[in-house]
Amino acid sequence: MLYPATGAAAAAVIMEAMAVSILAVEDDDRIRTTMRMVLEDEGFDVSEAASAEAALETFEARTFDLVLVDIMLPGMSGFDLCRSLRRASDVPIVMVTARVDSHDVVAGLEAGADDYVRKPFAAKELSARIRALLRRASPREDDTGRAAAYRFGDVEVLPDAGVVRRDGREVAVTKTEFRLLCELARNTGIVLSRDQLLERVWGYDYFGDRRLVDSHVRRLRTKIEKDPSEPRHLLTMRGLGYKLQP
Amino acid sequence: MKLNLRPARTRSLRFRVTVAFALAGLVLSTVVALLAYTFSEHYLVRQRESSLQRQAYVDARVLRDDVQRTGDVAGGLASAERSVDSSVVLSYRGSWLGTSVAIGRDQVPDGLRRQVQSGQPARQRVQVNGDPWLFVGLPIPALGIDYYEAFKFDELERTLGVLRASLLGSAALATVLGGLIGIWASRRLARPVAQVAAASERVAAGDLETRLAPQSDRDLDRLVTSFNRMVDALGQRIDRDARFVSDVSHELRSPLTAVAAAAEVLRGRRDEIPERSRVALDLLVSEIDRLRLIVEDLLELSRADAGVDELELEPVEFGEQIRQTLGRGDESPEVRVDPALAGSPVLVDKRRLDRVLLNLFENARAHGGGVTAVAVRRRNGHVRIEVDDAGPGVSESDRSRIFDRFARGAASGQRRPASGSGLGLALVAEHVRIQGGRVWVEEPPSHQGARFVVELPWRPA
């Protein structure tokens, strides 16, 4: 899938062909309006929601390829919205936050967000993050050396089908978690640093937040490990990164 | 407000207290010794004089009895047995007789002679040839003899000499003891002062958690309490300032986000805009970018100030890290890595190191005509990174100010118009400081451009 770098004319072409739909949840209407304009210029089909409640309603009515969630929402918080969305869907979620406190970012990631951008964001940065997530959410063509299936313990990963099974039963993972698991499985027994994972899974070339990796690993462990506090497959290599062990 | 303190010309408090105690010891012991000596001397001399006088009476009576029996004055005088240290001189019918060569008529003091002649017994101390003598004069009216007996007095002088020496010794000892007590007391006195000084230094170094323990002494406790209160107030004030900066930055974020996005929309339609408006738009876009950078850096600085983020040490290979960070720019300067460090990772906070390197390179590009060379060495338990640029260098007076927030060097007039946030080097200083390192700028040996030096503690992985 290819997206033009920028330009309204190019965007029009894409929108005709197959517009990526984004739900932008933001209570500040000035930011919401300008954000929509920027994203539309980048070729996305944008719907707006001024509150978490409105967002849930809209989300029920139709599907979206990606949701942008402002954390500071009146009424139901962005965190709760993330959790509600996660219960029903593996849609990629990018949270938008004005605070950079560790607490907020970690809480957002734990609530199920795939990535985050900080206000004030550059339009280029925001669309880059969205593209990276979408690329990740769809099968990658350039994956070479990918096996048909990976098995470790009672866990089975089928990269092409996008399915993870434990004890023969399918486990619900988000697309980001799936990509992360595949990346680790492809390098079974090899330590991958957080920076390497940030680059390969999230598409950050630098200054990615390592907490993204840590949160997602934690979440993956609750899904594939028998005892997430005593992982046997998805191991932390102190000071180095993570490793998947059969 | 400045406290009116005397200039530091005077000696240290401890020295002065010690000297004061020693002096007090000296004065007190001297006074006591003088009194003791005077009384003892007086008493001893009186006692000795009266005992010698009694001796003279006995000797005179023996002589009188002898002379009355024999009628021979000279013979009686010669045969009389006396104590070794006494000599007798007498005047008998106008002539003088003596028992020794040393003591004769001339040695008998005139006053004594007159008193004896008038029929009064008397005694007097006299120096003869430098020796102390006691003369006892007695009239013997039965024979018409004026009897004088002279006793050498030096035995007592020796006793007094010993007394003097021991009193002098005691005085000296008391002085030394006084000094020692002075040292001990001044140490005791100076300890709380030293504690306050050490605590102040810690506070000055940025440790605002420093507090002094309460004291049982009332005066000291007041000092301790007011010191702690001062640190509290200082901490609150710093917190308030930091919170203000942080709040302002946060408040700026939302409007800035909307403005930046709006400008971005306009930029996407740049071609549809008339030439003149385009210039304004470009200016708008670039300044909004800068504003965003300032807000980002301000927030990062206030986080660093507040110490929110902990150090996350992990093994990093410096050469590789530098090349990677440099790779994001256009230039390809020489990177020299100490062979002792090549291939051996060091524990650092990678994110902070990345920020430091990126900001230093950014600074070199913006103000120094680009990075010309980067070197990594090991030196005295530190890893040292040197970043050289090709700019006009940094003047002596700007070298410490350049790391200040929003510092604008005197040379900035010649530099490119401000493009960064003005906080890049302040952030470098903060991130280096948090890792326990130092950063400064110096002139490279080639005298061309500037050299920024970062020293981080060497922690082998």
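This is a predicted model: local features need pLDDT of at least 70, side-chain atom pairs count only at pLDDT 80 or more; totals for chains, interfaces and linings use all residues.
Chain A contains nine helices and eleven strands. Of its 246 residues, 41% are buried. Among the contacts in chain A with a separation of 6 or more, 57% join residues 24 or more positions apart.

Part of chain A is an open sheet of four strands, arranged in the order 6-7-8-9 with antiparallel pairing. Strand 6 (150-152) and strand 9 (169-171) of chain A form the edges; each has a single partner strand, so one side of each is left without a neighbour in the sheet. On average, and with direction ignored, neighbouring strands of this sheet are turned by 25° against each other. Strands of a sheet are paired through backbone hydrogen bonds, in either a parallel or an antiparallel manner. Within the sheet of chain A, strand 7 (residues 155-158) and strand 8 (residues 163-166) run antiparallel and are joined by four bridges. In this pair of strands, A:L158 is placed opposite A:V163 of strand 8 of chain A. Helix 7 (residues 175-186) of chain A lies across strand 6, strand 7 and strand 8 of chain A, and runs at about 100° to strand 7 of chain A.

Two further helices of chain A pack against each other. Helix 8 (residues 194-202) and helix 9 (residues 210-224) of chain A meet at an angle of about 80°, and their axes are 9 Å apart. Because angles of 65 to 115 degrees count as roughly perpendicular, helix 8 of chain A is described as roughly perpendicular to helix 9 of chain A. Helix 8 of chain A contributes A:R194, A:L197, A:L198 and A:W202 to the contact, while helix 9 of chain A contributes A:R210, A:L212 and A:V213. Of the residues in this contact, five are nonpolar and two are charged, with no polar residue present.

The buried residues of helix 8 of chain A are A:R194, A:D195, A:L197, A:V201 and A:W202. When helix 8 of chain A is viewed down its axis, these buried residues fall within an arc of 160°, so they line one face of the helix. An α-helix has 3.6 residues a turn, so residues three or four places apart point the same way. Just after helix 8 of chain A, A:G203 adopts a positive phi of about 75°.

Chain B includes an open sheet of five strands in the order 2-1-5-4-3, again with antiparallel pairing. Its edge strands are strand 2 (95-98) and strand 3 (122-128) of chain B, each of which pairs on one side only. From one strand to the next, the twist averages 20°. Strand 1 (residues 86-92) of chain B pairs with strand 2 of chain B in the antiparallel sense over four bridges, and B:L90 stands opposite B:L97 in strand 2 of chain B. Helix 1 (residues 13-70) of chain B packs on this sheet and touches strand 1, strand 3, strand 4 (131-140) and strand 5 (145-152) of chain B. The direction of helix 1 of chain B makes about 45° with that of strand 4 of chain B.

Most residues other than glycine have a negative phi, and most peptide bonds are trans. In chain A, the peptide bond from A:K119 to A:P120 is cis, with omega near -5°. A:P120 is located in the loop between strand 5 (115-118) and helix 6 (123-137) of chain A. In chain B, B:N129 has a positive phi, near 50°, and is not a glycine. B:N129 occupies the loop between strand 3 and strand 4 of chain B. With 7 other C-beta atoms within 10 Å, B:N129 is exposed. B:N380, likewise not a glycine, has a positive phi of about 45°. B:N380 lies in the loop between strand 9 (371-379) and strand 10 (382-389) of chain B. B:N380 counts as exposed, with 7 C-beta neighbours inside 10 Å.

The contact between the chains takes 18 residues from chain B and 19 residues from chain A. On the side of chain B that touches chain A, the elements giving two or more residues are helix 5 (218-268), helix 6 (275-306) and strand 6 (313-316) of chain B. Helix 5 of chain B gives the most to this side, with twelve residues. The residues on the side of chain B that touches chain A comprise nine nonpolar, four polar and five charged.

Notes:
Residues are numbered from 1 along each chain as its sequence is written. Chains are lettered from A and ligands numbered from 1 in the order in which they are written. Two strands pair if DSSP finds at least two bridges between them. Axes are lines fitted to C-alpha atoms, for helices over the stretch in contact, and angles run from 0 to 180 degrees between N-to-C directions. Two residues are in contact if their C-beta atoms, placed from the backbone, lie within 7 Å. Angles under 35 degrees count as roughly parallel, over 145 as roughly antiparallel, 65 to 115 as roughly perpendicular and the rest as oblique. Ala, Val, Leu, Ile, Met, Phe, Trp, Tyr, Cys and Pro count as nonpolar, Asp, Glu, Lys and Arg as charged, and the others, Gly among them, as polar. A residue is buried if 20 or more other C-beta atoms lie within 10 Å of its own, exposed if 12 or fewer, and partly exposed in between; C-beta atoms are placed from the backbone. The arc is that of the directions from the helix axis to the C-beta atoms.
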